[in-house]
Amino acid sequence: MADSARFLLGLDAGNTVIKAVVFDLEGRQVSACAIDAQSARPEPGHVERDLEDLWRNASVAIRRCISDAGIDPAQIVAAGCAGHGNGLYLLDQDDRPLIGIQSIDTRAAELAEELAAEHGDDLHAASLQEPWPAQTPVLLSWMRRHRPQTMEQAGTLLMCKDYITFKLTGRKVSDVSDMSGCGLLRMREGRYDDGLMSLYGLQGLEHLLPSLIEPIDIAGTVTAEAAAQTGLAEGMPVVGGYFDVIASALGSGAVAPGATSIIVGTWSVNQFVSSDPVVDRELQMVSAFGSGRYMNMSNSATSASHLEWYVRELVERGGHHDDPFGFCHRRLAEVVPRLDDPYFHPFLYGSSKGAEYRAGFYGLAGWHGEGHLLRALFEGVVLEHRRHVEVLRAAGAVFDQATLSGGGARSGPWAQMFADCLGVRINVPEAEECGALGAAIGAGVGVGVFAGYEQAAASMTRLRQVFEPNTDLRDHYDRRNEVYRELVTALQPFWTRQHRYKTEPDEKKETV
């Protein structure tokens, strides 16, 4: 590899996995390393992580990635990090990890409902978001109420990716995409606000908020200590980075106003770029990521994690399988879609419409086999994405194509199902690690390798495949969607009862 070649490093910190990827300036992946970790669940609904473990894993992933690339670290001109949004990461007053709460934590569910009832209108007017359980300010408010002794030690609030940036550079900063995405910014002004903090019950805690920068601003440079731990060159610039759903959109090429991005991952993420923030109570959130660039989202935990659950529980069953996802696709291919096929609701982890929603297969008959179950699951995920896409369209999104990223985008049959059901062209990007690529794109823009997002996306993103909608199936999916929605309405009383049973103790049973 030529000594004159230059590269960009993208990091992507999810709820458990940390990925480090080296890209050349044309966006081609040179090397990658991913390291998984375990979450702690100290109490029901509590999901936490060890921040020192997060940094250790990040350091190892970076070092291995550089080694596998076979390049001089000095050839990496800049780095950027994307990370899961929301959750709560606190340092103490000596900059040591205090607590790391992940974005799938539900401890603050009751408090979120309380805040929504008392201040929901005012909070939405300011931040274009309403309180929800794993939202950063809601969790901080919960900590103040239930863990006052811990809060007495608190020094700085960071987001997941910000902790890695801090360990790399020694600077405690966050970017506007993460801070707007978690509801801590007055959206139109793009700034912190004491009145907004008070609505969350956080008055007097403004000192915890880190310095606010743009995603492409230089957060700092790699310190000597971080260089020794990671193998990076001391002094290399690190940009502010991104809320990971923004980075995934950038890495798929969706950067300009009007672009639409669908992410088929743990969460169903459906978003479109606009030059002004869209005010609509049906949208889950709006995130700012640059001058005149806002991402408007409708999301829920109803996507590809359901196929992962199916594989884990029903295909692998705790044992070995050479190609479990290939097995699922082979069974899926055996089925020709019919109107009387079974249905599946992808609510294993609830819905944005309510935590009480439950998953289930419906309409099974004796002639149905595993292929029908899998088709129902794939289709159910798509139909729930369709519900979110309809929210986007009602909020003003106009589009005839969308980029598809996330783990589910690797499935050709699934991508075709999205095209057929949504009635739009689906573009699947070449890059599989779109989050890391988006972070690298931001790093390239930040240090002047590219003049702006459009030039960076044109240079570093390409399509792998395009799926055109099959118009012959339009009526089929319209009719399936209608029944799917009717089932949701019919089953809500049952789900509510099941949810109530979950929180009530079982009656004592007679013993013989």
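1. Start with the surface. The accessible surface of the protein chain comes to about 21200 Å². Carbon and sulfur atoms hold 48% of that surface. Keep in mind that this is a predicted model.

2. Next, the inside. The protein chain has 512 residues, and 56% of them count as buried. Buried here means under 20% relative accessible area.

3. Now the overall build. The protein chain contains 16 helices and 21 strands. Its radius of gyration is 23 Å, close to the 24 Å that the globule rule gives for 512 residues, so the protein chain is as compact as a globular protein of that length. The C-alpha trace spans about 65 × 55 × 50 Å along its principal axes.

4. Look at the contacts too. Take those in the protein chain with a separation of 6 or more: 72% of them join residues 24 or more positions apart.

5. On charge, the protein chain carries 46 positive and 68 negative charges.

6. Helix 10 deserves a visit. Which residues of helix 10 are buried? Helix 10 runs over residues 305–316, and its buried residues are Ser 305, His 306, Leu 307, Tyr 310, Val 311 and Val 315. An α-helix has 3.6 residues a turn, so residues three or four places apart point the same way.

7. What covers the buried residues of helix 10? The cover includes helix 11 (324–333), helix 12 (370–394) and helix 13 (412–422). Strand 17 (343–345) and strand 18 (360–362) also take part.

8. Finally, check the end of this helix. Just after helix 10, Arg 317 takes a positive phi of about 50°.

Definitions and conventions
Residues numbered from 1 in each chain as written. Predicted model: local features only at pLDDT ≥ 70, side-chain atom pairs only at ≥ 80, totals over all residues. Heavy atoms only, no water. Helix = DSSP H or I, 4+ residues; strand = E, 2+ residues; numbered from the N terminus. Rg over C-alpha atoms; globule rule 2.2 N^0.38 Å. Buried < 20%, exposed > 50% of the residue type's maximum accessible area, 1.4 Å probe, protein only. Contact = heavy atoms within 4.5 Å. Areas by Shrake-Rupley, 256 points an atom, 1.4 Å probe, with all protein chains shown as cover. Lys, Arg positive; Asp, Glu negative; His and termini not counted. Charge placed at Lys NZ, Arg CZ, Asp CG, Glu CD.
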